[in-house]
Protein chains: 2
Amino acid sequence: MAYVSSVEGVMSKTRKEMIAETRAKLLAAGRHAFAEQGYAEASMDDFTASAGLTRGALYHHFGGKTGLFEAVAMQIDDEITERLDALASRAASPWEALVESCVAYVQMALEPEVQRIMFRDGPAVLGDPSSWPNASACIAFVTGQVEACRAAGVLSDVDPEAAARLLNGATSDAAQWIANAKNPEGVSAKAVAALRAMLDGLRRAD
Amino acid sequence: MAYVSSVEGVMSKTRKEMIAETRAKLLAAGRHAFAEQGYAEASMDDFTASAGLTRGALYHHFGGKTGLFEAVAMQIDDEITERLDALASRAASPWEALVESCVAYVQMALEPEVQRIMFRDGPAVLGDPSSWPNASACIAFVTGQVEACRAAGVLSDVDPEAAARLLNGATSDAAQWIANAKNPEGVSAKAVAALRAMLDGLRRAD
DNA sequence: GTAGGGACATACATTGCGTATGTCAATTGG
DNA sequence: CCAATTGACATACGCAATGTATGTCCCTAC
């Protein structure tokens, strides 16, 4: 048993692992390059080489530059959703979950990687986020929270997805604003305060 | 006086007119191409040729592809501001002016040209709109309206620019959503209703 | 064990941008 | 009225980057 024979089981798994590994390497390299230099300026030759590969591998696995970018965006979107989910599950009420999710969303959108890939280059490369392959998991997540709030009776009769959309736009735009401000802390405080006020507008007046 | 001598006055004006005309032709051709094909896919050779010119003229007047795009974006931004201004000046109150401006903004953002250039490609090419050369005149305009509302006492104590930013993000995102929806009319109604609700959140509870 | 297919690299063609250079008309100064 | 110069614009060139077509090698399957 000094070596493994290519009987099938073991080797095939190793093989699949190798493939998954190169996919992951490409994904990571692309993600880094897209975040650092932006989509247009990122050279496929450069960042595939930095992963010890060539464009051949990229075209094989992702079909092209756009395909890789799409995969990266989906990965980030999933991560955001997961983080929001973890946060919301610790909230006392649906309403609080929604509010805290929105605030957290602003914070996440401040991260340069998220900002650049999801909010700046994303729409230009992939089109409207709502038409992305996974339909923007994080928007769907917020929509769910709005629905929960409505079910709990704390929301006025607005369309859940419409509310989620508006919130998404408001928060991501606020994040852009904060990120490019001279004093991000002060601006952030203002933005969050205004955001809470707007959210209150959605709450049922009782 | 059968012909005009190049004494200066008349001829120099004609000359300037010619120059202004080619500038305008480039601007129009670029605007059309950017709107139709997007920034990245628009070929300078193609659309300058469609204006009866070459890239030489473009580089001379605008410094490059980015420069022309910037000029186009500023032009559109000015047009939007002007339209909002005309609309707001007919409103009965500052609050109504703000609300109607936001609703109108959604409508404008639905126009394919505005959508593509200002909301999709704009941020990717020029960066965050708030850092654009003219600092996004339309955001400044809305900020002014929010300030007027605050002065009139109908707004709670939110930061004017923060509110304007959130509104801008919410409306433009809503527009994106509407534009890509199957039934734009229905979605538009939902979005506007939710927008009004959010706006109410900013209004001082009295 | 050999035939086949998939994973990836290499080679090539195309396209598009940016810059350097050239040309011609118009302005300016005498 | 003429010559020199400036500026508007076109042409020519080089480079970089993408997409595709082809090749090679190793694993898998029969």
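**Ground rules.** I am working from a predicted model, where local features need pLDDT of at least 70, side-chain atom pairs count only at pLDDT 80 or more, and totals for chains, interfaces and linings use all residues. Residues are numbered from 1 along each chain as its sequence is written, chains are lettered from A and ligands numbered from 1 in the order in which they are written, and side-chain values use heavy atoms, with hydrogens and water left out.

**Entry 1: DNA strand D.** I looked up its surroundings and found 22 residues (near: a heavy atom within 4 Å). The closest are Arg55(A), Tyr59(A), Thr54(B), His60(B) and His61(B).

**Entry 2: phosphate contacts.** I checked polar contacts (here, N or O pairs within 3.5 Å). The side chain of Tyr59(A) places an N or O atom 2.3 Å from a phosphate oxygen of DNA strand D. For a polar side-chain atom of Thr54(B), the distance to a phosphate oxygen is 2.6 Å. Ala42(A) uses a polar backbone atom, 3.2 Å from a phosphate oxygen.

**Entry 3: symmetry.** I superposed chain B on chain A: a rotation of 180 degrees with 0.0 Å of shift along its axis, RMSD 0.1 Å (least squares on C-alpha atoms of residues with pLDDT of at least 70 in both). That is a two-fold axis relation. In chain B, the C-alpha of Gly201(B) is nearest the axis, at 1.5 Å.

Key:
Polar contact = N/O pair within 3.5 Å; in protein donor to acceptor, adjacent residues only side chain to side chain.
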